[in-house]
Amino acid sequence: MSKQGFPAGFLWGAATAAYQVEGAVREDGRGESIWDRFCATPGAIHGGDTGEVACDHYHRFKDDVENMRDLGLSSYRFSVSWPRLFPHGHGKLNRRGLDFYESLVDALLEARVQPALTLYHWDLPQALQDVGGWTNRDTASWFSDYADCLYTHLGDRVKMWMTLNEPQVAAFVGHSDGRHAPGLKDFATAVQASHVLLRAHALAVAAFRELCPAGSRIGIALDLHTMYPFTDGMSDIEAAHRADGQVNRWFLDPVFKGTYPVDVLEIYAKHGVAPRIEDDDLSTLSSNPVDFLGVNYYFPQRVYACDAGGVLGFEYGHLKDCPRTEMGWEVYPEGLSDLLIRLKNDYADPVLMITENGAAYPDRITEKGQVQDHDRIEYLASHLLESRRAIEQGVKLQGYYLWSLMDNFEWGFGYSRRFGITHVDYHTLSRTWKKSASWYQSVIATNGAAL
Ligand code: FCB
């Protein structure tokens, strides 16, 4: 590693997800996804926005790949829309859906941008939701069949894979908070969904080992929050440990140790919300280790004990006078290095990739068409510096994907929040580099020395 740079071969990436950028929701035989259905629910999404057009990446992917080449990205993380390949979730492959991803991957390789493919970034085929979605164990097997199909067709060209994006959010925000598709509000259902998601992950890793050539790697992208007690009182310290249990360990432990955290499982059992675990479920997990862990980190949580705070008795507090993004998320880059070092210590020094990190700010476009997003640059730079600090402490961090390559459909917030380093005009769909894009270009060109 050079004095100020990053290790040789460090991956400089940017990320997006299918439903957030593609649009073309009814084209070429694509089936309905739970996000199409959820967006059609009155009041579900800010401003009634939908992913129908999004960034129109489906038609403009060649320009977007050119943009990546200009930035100098070494890798691009994107997701595949399951209902484009299997409009009903399983059965006959929709060849035209697959064609799109074949063309995208070929364009990336041609531009020397390594594809990093996420199999599931939340857009479940609605047909599967109709038979129970992630609460139905069969969904895990259908997921693995869908994964198989992609390994078979793209395994020769895609070397980096992720099974699921943020199963914690898919399970709990989608099935307990009701803020994401499928919009359910039942904690026990969410816990069950989390279990089926983890099983799906393990089955897809098992299939990967059979079908993908040596040298290809597979992981999972988890949303991890560093949990700090709001005060140094014992009850808040314990509450932070429980919050860590629900959000972090509930996913990390099965993936790395093939067990659920006993403290959380006991509380779930006491409240009658534990998942239905069948005989081989945990051994399937423990016998299918990942090659790397994808870390999505945006902000830490400040946790306090609260009897009314759900099954696990905690709530999230807000520090006064700290910097926040437009999402209201606290800016605390040290939370990232704390997290990376903790993962090294608690989970046997895994290979890590930061698969998402970034910030929404109220960008203003000037008359000259420029976006001077200094706040975003500062956010990204400070998190990269903390990443480097973690590497210096021996963390095996091999890449960084910022969120996001371009402004896009931010789920329940619709188009009201912009995370991109490329500005998207949603009327003309034209793309313009923000200042952060030129900044990232120079960071990449110097392998981080320009930070
Ligand atoms: C993450 C999601 C990603 C994006 C960012 C801001 O939780 O994985 O799709 O919405 O948040």
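**Exercise 1. The ligand and its surroundings**

An oxygen atom of the ligand lies 2.9 Å from an N or O atom in the side chain of W411. This is a predicted model. Task: which residues are around the ligand, and what percentage of the ligand's exposed area does the protein bury?

Solution. 

Step 1. Begin with the polar atoms. Besides the W411 pair at 2.9 Å, a side-chain N or O atom of E356 is 3.0 Å from a ligand oxygen. For Q20, a polar side-chain atom lies 2.7 Å from an oxygen of the ligand.

Step 2. Turn to the area. The ligand taken alone exposes 290 Å², and the protein buries 94% of it.

Step 3. List the surroundings. Around the ligand are Q20, H121, W122, N165, E166, Y298, E356, W403, E410, W411 and F419.

**Exercise 2. Two aromatic pairs**

Task: decide how the rings of W82 and Y146 are arranged, then do likewise for F314 and Y316.

Solution. 

Step 1. Two quantities are needed: a ring pair is described by the distance between the centres and the angle between the planes.

Step 2. Rings pair if their centres lie within 6.5 Å, and planes under 30 degrees apart count as stacked. The count of aromatic pairs in the model is 42. For W82 and Y146 the centres are 4.9 Å apart and the planes are at 0°, so this pair is stacked.

Step 3. Locate the two partners. W82 belongs to helix α4 (residues 82-85) and Y146 to helix α7 (residues 137-154), so the pair links distant parts of the chain, 64 residues apart.

Step 4. Check the accessibility; buried means under 20% relative accessible area. W82 has 0% and therefore counts as buried. Y146 has 1% and is buried as well.

Step 5. Now take F314 and Y316. Their centres are 5.5 Å apart with 50° between the planes, and the pair is tilted. F314 is buried, with a relative accessible area of 9%, whereas Y316, at 30%, is partly exposed.

Step 6. Ring pairs can also join into a group. One cluster linked by ring pairs contains Y19, W35, F38, W122, F409, W411, Y415 and Y426. W122 and W411 of this cluster are also among the residues around the ligand.

Step 7. R302 lies over the face of Y332, 4.9 Å from the ring centre.

**Exercise 3. Helix α7**

Solution. 

Step 1. Look at the N-terminal end. N136 caps it, with a side-chain oxygen 2.9 Å from the backbone nitrogen of D138.

Step 2. Relate the list to the helix geometry. An α-helix has 3.6 residues a turn, so residues three or four places apart point the same way.

**Exercise 4. Backbone exceptions**

Solution. 

Step 1. Consider the peptide bonds. The bond from A181 to P182 is cis, with omega near 5°. P182 lies in the loop between α8 (167-175) and α9 (187-211). S404 is in the loop between β11 (397-403) and β12 (422-424).

Step 2. Consider phi. D28 has a positive value near 50°. This residue sits in the loop between α1 (18-21) and α2 (34-39) and is partly exposed at 29%. L429 also has a positive phi, near 65°. L429 is in the loop between β12 and β13 (431-433), and at 11% relative accessibility it counts as buried.

Technical notes: Residues are numbered from 1 along each chain as its sequence is written. This is a predicted model: local features need pLDDT of at least 70, side-chain atom pairs count only at pLDDT 80 or more; totals for chains, interfaces and linings use all residues. Side-chain values use heavy atoms; hydrogens and water are left out. Rings of Phe, Tyr and Trp (its six-membered ring) pair if their centres lie within 6.5 Å; planes under 30 degrees apart count as stacked, over 60 as edge-to-face and the rest as tilted. Helices (H or I, at least four residues) and strands (E, at least two) are DSSP runs, numbered from the N terminus. Buried means under 20% relative accessible area, exposed over 50%, partly exposed in between (1.4 Å probe, protein chains only). A charge sits over a ring if NZ of Lys or CZ of Arg is within 6 Å of the ring centre and within 35 degrees of the ring normal. A residue is near a molecule or strand if one of its heavy atoms lies within 4 Å of it. A polar contact is a pair of N or O atoms within 3.5 Å; within protein, one must be able to donate a hydrogen and the other to accept it, and residues adjacent in sequence count only if both atoms are side-chain atoms. Accessible areas come from the Shrake-Rupley method with a 1.4 Å probe; for residues, only the protein chains shown count as cover.
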